[in-house]
Amino acid sequence: MQAAQQSWELENAITVFDPQRDALYQYDEATQKQLNAERPWASDPYYFKHVRVSATALLKMVMHARSGGSLEVMGLMQGYILPNTFVVTDAFRLPVEGTETRVNAQDEANEYMVSYLQSCRDAGRMENAVGWYHSHPGYGCWLSGIDVATQQTQQMTGPFVAVVIDPERTISAGRVEIGAFRTFPENFTPSKEAHEDDEYQTIPLGKAEDFGAHANSYYSLDVSHFKSTLDAEILTLLWNKYWVATLSQSPLFTSRDFGNKQMLDLGQKVRKAARGMESTGPRTTGTATKDQQLDKVVRGGQRIVAEEAKGLLASEVKMKLFHSVGGKPSSTA
């Protein structure tokens, strides 16, 4: 049981930050007032570079995203800001209507948010809403055109960050697939070098156009996780309750539908690349060379293979573990 908990924490790089004083949970009102008065993010589009998410907030967001299935879900994150950094201490879901392509926050959600935050302040929790999160089931962590418009509107009121979680890739990969983003001002044009270090991710063919059309409208922030002493106790209680299900489930079966979708999408990309090679030749240049297109297809295939191999290895280890614990079955004549 402890090994399963430690494995999850290692996969998502969750560390204890100042366990004696739980420093990241201490709301410093003076620091907040100073930063809000100076507003350094108004003159520097890249001012915020990091997002630190508590283990409890991360778990709540992942569970919420997973509960939506193939539909997008949405919620808000509580916390505060430090120089260059968002600190997320908690998260709560919003009552919104979701579809397979978008989430829409209506008046009911706004009223719920105001009421929730006021209840927190009445209870002595002074953290503000510092961002919103939503899910992208099966198509990666990035901002669509609707997401960009939503984030730009939110940033007009103050420091705000957008977080995207892919619940299907989380189950398939065995670690939380998460991304954090800030949009640029409308008249700002980022340099190409600014996006060269962005981590490569496979985008389904049906979403590639929307991804490419808005990829230069925002930048990604580094995401790290932390836990307090209270978080550690909560996680231990959860693992005590669910450790059997955690050890017994197989990602190969849990994410089987997602794996099939990945294979179908990869087949479509291979056929598209092959048609391009046949019609224009291998060295034709456009928005990207044919070699680069093939390289993306190969990298996408390698990712699928790696996840399948990891699932097979996990299943083999569990089979040998439980087989040795339970003893060899007796032979029958």
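I start with Lys-49, which is partly exposed because its relative accessible area is 40%, a value between the 20% and 50% cut-offs. Everything here comes from a predicted model.

Where does Lys-49 sit? Its place is the loop between H2 and S2, and H2 covers 29–38 while S2 covers 50–54. What does its side chain reach? It reaches the backbone oxygen of Tyr-46, at 3.0 Å. Setting aside neighbours within four places in sequence, Lys-49 is in contact with Asp-44, Asn-84, Leu-221 and Asp-222.

At the start of H2, Asp-28 places a side-chain oxygen within 3.1 Å of the backbone nitrogen of Ala-30. Just after H2 comes Arg-39, with a positive phi of about 50 degrees. Arg-39 is a residue other than glycine, and it belongs to the loop between H2 and S2. With a relative accessible area of 37%, Arg-39 is partly exposed.

Asn-84, already named as a contact of Lys-49, also has a positive phi, about 70 degrees, and is not a glycine either. Asn-84 is in the loop between S3 and S4; its relative accessibility is 26%, so it counts as partly exposed.

Now the aromatic residues. How many aromatic pairs does the count come to? The count is 11. One of them joins Tyr-46 and Phe-188: the ring centres are 6.1 Å apart and the planes stand at 75 degrees, so this pair is edge-to-face. Tyr-46 is in the loop between H2 and S2, whereas Phe-188 is in the loop between S9 (178–183) and H7 (205–214), so the pair ties together parts that lie 142 residues apart in sequence. Are these two residues buried or partly exposed? Tyr-46 is partly exposed, at 23% relative accessibility, and Phe-188 is partly exposed as well, at 29%. Separately, ring pairs link Trp-41, Tyr-47, Phe-48 and Phe-86 into a cluster.

Phe-48 leads on to the nonpolar cores. The largest one has 27 residues, and Phe-48, Val-51, Met-77, Phe-86 and Leu-221 are those with the most contacts inside it. Elements that give two or more residues to this core include helix H3 (55–67), strand S3 (74–82), strand S4 (85–93) and strand S10 (218–227). Which element gives the most? H3 does, with 5 residues.

Not counting residues up to four places away in sequence, Phe-48 touches Trp-41, Ile-81, Leu-82, Asn-84, Thr-85, Phe-86, Pro-159, Arg-182, Tyr-219 and Leu-221. Two names on that list, Asn-84 and Leu-221, are also contacts of Lys-49.

There is a second, separate core of 18 residues, with Ala-129, Trp-142, Val-148 and Val-164 among its members.

Val-148 takes us to H5. In this helix Asp-147, Val-148, Gln-151 and Gln-155 are buried. Viewed down the axis of H5, the buried residues fall within an arc of 100 degrees, so they line one face of the helix. Why would such a spacing in sequence give one face? An α-helix has 3.6 residues a turn, so residues three or four places apart point the same way.

Buried or exposed? Ser-144 is buried, because its relative accessible area is 9%, under the 20% cut-off. Its side chain makes a polar contact of 3.0 Å with the side chain of Asp-147, one of the buried residues of H5.

To finish, the chain as a whole. Its secondary structure comes to 11 helices and 10 strands. There are 333 residues, of which 39% are buried. Taking contacts with a separation of 6 or more, residues 24 or more positions apart account for 77%. The chain exposes about 18,700 Å², and carbon and sulfur atoms supply 55% of that area.

Note on methods
Residues are numbered from 1 along each chain as its sequence is written. This is a predicted model: local features need pLDDT of at least 70, side-chain atom pairs count only at pLDDT 80 or more; totals for chains, interfaces and linings use all residues. Side-chain values use heavy atoms; hydrogens and water are left out. Buried means under 20% relative accessible area, exposed over 50%, partly exposed in between (1.4 Å probe, protein chains only). A polar contact is a pair of N or O atoms within 3.5 Å; within protein, one must be able to donate a hydrogen and the other to accept it, and residues adjacent in sequence count only if both atoms are side-chain atoms. Rings of Phe, Tyr and Trp (its six-membered ring) pair if their centres lie within 6.5 Å; planes under 30 degrees apart count as stacked, over 60 as edge-to-face and the rest as tilted. Helices (H or I, at least four residues) and strands (E, at least two) are DSSP runs, numbered from the N terminus. Contact means heavy atoms within 4.5 Å. Accessible areas come from the Shrake-Rupley method with a 1.4 Å probe; for residues, only the protein chains shown count as cover. A nonpolar core is a set of buried Ala, Val, Leu, Ile, Met, Phe, Trp, Tyr and Cys residues joined through side-chain atoms within 4.5 Å. The arc is that of the directions from the helix axis to the C-beta atoms.
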